[in-house]
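Hello,

Here is the structure I promised to pass on to you. Please have a look, and then read on for some notes.

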Amino acid sequence: MAKQKNIRYLLKSELKKLESYGQKKHEDKKKTYDERKQLKAEGYSLAEREKMCNYSKDKIYSIQTMETYQREVSKFADWLNNQGKGKITIEQAEYEIQAYMDNLKERGLSASSIHTALAACCKATHTYMRDFDIPERKLSEMTRGKKEVRNDRYNERNHAEILAVNRIIGVRRSELMEIRVRDVSESGNIMKIYTKGKGGKDNYQIITEESEKEVIRQYMRGKAENERLFSRDMFNNDADLHSQRAERAKIVYQRVLEDMKRNPDRRTYYEEYIKKTFEEKGKKLPKNLDKNYVCRGSFREMLISEGKAVSYDRVAAMYVSLTVTSHWRVDTTVQHYLTK
């Protein structure tokens with residue numbers, strides 16, 4: 001009889017089977033959405049549709065996500081070993097997940113951390129997160145990009161260059177590192193910077209200010225088409241580039257607001273840009289662009305306590321979502337960027 005492998009090995013092996021690097025998550029999500037829509041028309045329940053069709057469930061699209069999930073299932077395995085259950089099967093481990101989640105909650109981990117741990121455990125055991133009870137993540141409790149961390153002042157002083165660059169481009173660190181000269185193009189008064197986003201999404205950052213375009217041009221001069229725009233030395237730090245991504249979102253949002261205020265006819269331009277972009281991607285145009293997006297619940301209360309706005313122009317926010325954050329959603333752009 002073959003020797004039963006430790007649960008750590010089994011969990012990590014299951015995750016490795018899900019490697020889907022280079023595949024595009026948004027294509028799988030669209031395929032899932034289209035097929036579920038058809039199943040709904042045929043009378044299937046939500047639970048049935050989710051189990052019958054989910055093209056992204058058993059895939060991990062990025063190395064970073066894989067590394068995070070591998071760490072999390074190792075912690076789960078440590079807990080199982082301490083419980084004397086280190087030799088159980090994947091199927092048996094499924095029935096231990098809820099007890100592990102409860103343990104994490106008792107230890108005082110944040111809802112966000114528990115959510116990440118559950119996501120990893122569910123990927124490795126091929127189960128669904130909705131089947132487990134964990135604390136709800138609340139926007140009012142999230143601190144990413146809001147609190148000053150230990151090295152912020154040092155980085156602002158010694159790594160100001162890369163922070164300033166991302167205040168113009170507004171992408172994730174991994175995306176900023178990979179931008180090459182060939183990814184930058186100009187047409188009319190618009191500069192486009194192509195980046196490969198999460199899940200293999202093709203994103204474009206739009207820059208219209210001449211002074212900002214000139215900064216990017218300076219990094220391009222004298223370099224071949226396939227050379228990276230920014231040297232690896234510029235990234236030898238833990239500078240909070242994500243906070244600059246949020247700053248970029250806020251800068252563009254304010255510019256659009258001011259532009260529409262000075263020239264009311266410009267609202268039509270931005271609305272047409274949004275419509276055209278959605279049509280090019282074959283996406284359904286979002287509703288209520290003529291109404292402000294209003295934050296609600298505990299998140300609204302937190303914003304009020306901090307003296308921040310709770311109502312945001314949907315047209316301006318959606319333009320930011322298309323040209324800076326690449327989320328294609330007003331709520332995500334407002335909640336995670338414009339209110340930071």
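This is a predicted model: local features need pLDDT of at least 70, side-chain atom pairs count only at pLDDT 80 or more; totals for chains, interfaces and linings use all residues.

Residues are numbered from 1 along each chain as its sequence is written, and side-chain values use heavy atoms, with hydrogens and water left out.

Helix α11 covers residues 210–220, and its buried residues are E212, K213, I216, R217, Y219 and M220 (buried is under 20% relative accessible area, exposed over 50%, partly exposed in between, with a 1.4 Å probe and protein chains only). Down the axis of α11, these buried residues fall within an arc of 160°, so they line one face of the helix (the arc is that of the directions from the helix axis to the C-beta atoms).

Now to the rings. The whole structure holds ten aromatic pairs (Phe, Tyr and Trp rings, the last by its six-membered ring, with centres within 6.5 Å; planes under 30 degrees apart are stacked, over 60 edge-to-face, the rest tilted). For F76 and Y100, the centres are 4.9 Å apart and the planes at 35°, so this pair is tilted. It links distant parts of the chain, helix α4 with F76 and helix α6 with Y100, 24 residues apart. Both F76 and Y100 are buried. One aromatic cluster is formed by Y269, Y270, Y273 and Y319.

Best wishes

Note on methods:
Helices (H or I, at least four residues) and strands (E, at least two) are DSSP runs, numbered from the N terminus.
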